[in-house]
Structure formats: C-alpha cells, structure tokens
Amino acid sequence: MQFSIEDSLGFIMNRTNTKLKNELLQRLKPYDVTPEQWAVLNRLWEREGLSPKELAELTSKDQPNIARILDKLEKKGLITRQTNPDDNRSFLIYLTDRGRELKDELIPLALAVLNKALRGIEQEQVKELKLLLNRIYTNLD
C-alpha cells in the first residue's frame, strides 16, 4: 500500500490552516493580538461573562491554553476577570472598553484574509466545504 502525503487530506488541511493562520497573524500583528487570542476575543464579542471552561470549549482549546491566553489578554488590558456571583471560587471573563473597540478594527482584517483565501471559489462551494469539514470533525468524535 502506498501513501502520498501530498494527497493526504490531513496534510492538505494542515498546510492550508498554517497558511491561513500565518496570514491572519501578519494582519493582527500591529494590534499585538495572536490568532489564538483573536479566537477568544471573537467568542467574547459574541457573549461576555463566559467561564474559562466555556471559552475552552467554544474555541476548541484545552484549559491550560485558555488560562495562558487569558493571562496575556488581561496583561494587554483587553479583558477582566470578575468573580462568578454563583460560585465565588470561579470567575467570568469580560471585555474591557479597549477589548470591545478592537472588534470593529479586527473583524474587517479577518474578513480580508478569508476573502483572499476564497478568491475564485463560488459561494456554494464554500458552503459545501464547510459542511464537509464539519462532517469530518463530527465523524472523529
């Protein structure tokens, strides 16, 4: 049995993800935000007051990674941690004013990266690709 890595779906997906991530990294660099931090900020723009555990689940990251990302975002003045009123042993994550302001600056940058990546691909094909990738993800659960 032969196996060609260039034709491997995993290799192609990983290579594409790396290129997308690097492009996003370059666009976010002037704002001192990494793609990992962008993912957390994005979830908080959707809904604040999430626990670190919820953020880990929503960003497909593990708890130690989320803790590290939250530390960095807090040092940058983009988030605050507030004691959970339902459980004094835990805390919830909220954006600072600067964290909220970044939404209008960073979302257009991310959309520009996606538009560049999807150049020449029909909307229907993009929809199908998302469906297929989500099916692969679900199959691996």
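The model is predicted, so local features need pLDDT of at least 70 and side-chain atom pairs count only at pLDDT 80 or more, while totals for chains, interfaces and linings use all residues. Residues are numbered from 1 along each chain as its sequence is written, and side-chain values use heavy atoms, with hydrogens and water left out.

The chain has 6 helices and 2 strands. Helices (H or I, at least four residues) and strands (E, at least two) are DSSP runs, numbered from the N terminus. Along the sequence the pattern reads α-α-α-α-β-β-α-α. The C-alpha trace spans about 55 × 35 × 25 Å along its principal axes. Of the 141 residues in the chain, 26% are buried. Buried means under 20% relative accessible area, exposed over 50%, and partly exposed in between (1.4 Å probe, protein chains only). A contact means heavy atoms within 4.5 Å. Among contacts between residues at least 6 apart in sequence, 48% join residues at least 24 apart.

Strand β1 covers residues 79-84, and strand β2 covers residues 87-95. They run antiparallel and are joined by 6 bridges. Two strands pair if DSSP finds at least two bridges between them. Between β1 and β2 lie 2 residues. R81 has I93 in β2 as its bridge partner. Q82 stands opposite L92 in β2. In a regular strand, side chains alternate between the two faces of the sheet.

The largest pocket has a volume of about 1800 Å³. On a 1 Å grid over the protein atoms alone, a cavity is a set of points where a 1.4 Å probe fits but cannot get out, whereas a pocket is an open set with protein on both sides within 12 Å along at least five of seven lines. Lining residues have an atom within 4 Å of a point. Grid points are joined across faces, edges and corners, and a volume is the space filled by probe spheres set on the points. The largest pocket is lined by 33 residues, of which N17, L20, L114, K130 and L133 are the closest to its centre. At least two lining residues come from each of α1 (9-28), α2 (35-46), α3 (52-59), α5 (97-117) and α6 (123-139). Helix α1 supplies the largest share, 9 residues. By class, the lining has 21 nonpolar, 7 polar and 5 charged residues. Here Ala, Val, Leu, Ile, Met, Phe, Trp, Tyr, Cys and Pro count as nonpolar, Asp, Glu, Lys and Arg as charged, and the others, Gly among them, as polar.

The structure holds 1 aromatic pair. The pair is formed by W38 and W45, edge-to-face, at 5.5 Å centre to centre and 70° between the planes. Rings of Phe, Tyr and Trp (its six-membered ring) pair if their centres lie within 6.5 Å; planes under 30 degrees apart count as stacked, over 60 as edge-to-face and the rest as tilted. W38 counts as buried because its relative accessibility is 13%. W45 is buried too, with a relative accessible area of 12%.

Q37 is found in helix α2. Its relative accessibility is 3%, so Q37 counts as buried. Leaving aside residues up to four places away in sequence, Q37 touches D32, I69, K72, L73 and K76. K53 lies in helix α3. At 48% relative accessibility, K53 counts as partly exposed. K53 and L95 are 42 residues apart along the chain, and their C-alpha atoms are separated by 17 Å.
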